[in-house]
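Here is my note on the model you asked me to look over. Please read it beside the sequence and the coordinates.

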Amino acid sequence: MLGTLIAYLGVALPGPVIGMMLLLVALLLLRRVPEPLKVTSTQLLKYLPLMLIPPAVGIMSQWQVILSSYVAISVALLGSLLISIPLTAWILQRMVQKKSGEKVA
């Protein structure tokens, strides 16, 4: 709810995104996951597949729209793939080097 309040004050991000960033900062400062959060998140993860049903229904019901934009969607997906995989590998490599004490260039 704090994220929604901050978003209402004029930040150009959705409240849930701000809330997740605040949670990340809090967890990084704590350097651990509190037990109540661990229990709650474990329970919620059991129901994660149910959250995939609405997007699947949307894809099935809007199939003709998706087919008409097939090329644009494919280019966007391929482009994001070609950017995200090397970027993820580079970030992971830097994290491993930093953790092992090697000089990070």
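The points below go from the whole chain to single residues.

1. Basis of the reading. The model is a predicted one, in which local features need pLDDT of at least 70 and side-chain atom pairs count only at pLDDT 80 or more, while totals for chains, interfaces and linings use all residues. Residues are numbered from 1 along each chain as its sequence is written, and side-chain values use heavy atoms, with hydrogens and water left out.

2. Confidence. The protein chain averages a pLDDT (the predictor's confidence in each residue, from 0 to 100) of 90, and 98% of the residues score at least 70. Among the elements of the chain, α1 has the lowest mean pLDDT, 80, and helix α6 (residues 70–100) has the highest, 94. Where pLDDT is low, the predicted coordinates should not be read in detail.

3. Fold and overall form. The protein chain has 6 helices and 0 strands, where helices (H or I, at least four residues) and strands (E, at least two) are DSSP runs numbered from the N terminus. The radius of gyration is 20 Å, whereas a compact globule of 105 residues would have one near 13 Å; the radius is taken over C-alpha atoms, and the globule rule is 2.2 Å times the number of residues to the power 0.38. Along its principal axes the C-alpha trace spans about 50 × 40 × 35 Å.

4. Exposure of the chain. Buried residues make up 3% of the 105 residues, with buried meaning under 20% relative accessible area, exposed over 50%, and partly exposed in between (1.4 Å probe, protein chains only). The chain exposes about 9400 Å², of which carbon and sulfur atoms supply 76%; accessible areas come from the Shrake-Rupley method with a 1.4 Å probe, and for residues only the protein chains shown count as cover.

5. A nonpolar surface patch. Leu2, Leu5, Tyr8, Leu9 and Leu22 form a nonpolar patch on the surface, with about 590 Å² of accessible area together. Its largest share, 3 residues, comes from helix α1 (residues 2–8). Tyr8 lies in that helix and is exposed, with a relative accessible area of 72%, whereas Leu9 lies in the loop between α1 and α2 (15–30) and is exposed at 67%. Tyr8 and Met95 are 87 residues apart in sequence and 35 Å apart in space, C-alpha to C-alpha.

6. Helix α2 and the residue after it. Helix α2 has 16 residues and reaches 22 Å from its first C-alpha to its last, close to the 22 Å expected at 1.5 Å a residue, the expected span being 1.5 Å times one less than the number of residues. Just after α2, Arg31 takes a positive phi of about 65°, in a residue other than glycine. Arg31 sits in the loop between α2 and α3 (35–45) and is exposed, with a relative accessible area of 78%.

Technical notes:
Patches are made of residues with over 30% relative accessible area and no salt bridge: like charges are joined within 9 Å, nonpolar side chains (Val, Leu, Ile, Met, Phe, Trp, Tyr) within 5 Å. A salt bridge is a side-chain nitrogen of Lys or Arg within 4 Å of a carboxyl oxygen of Asp or Glu.
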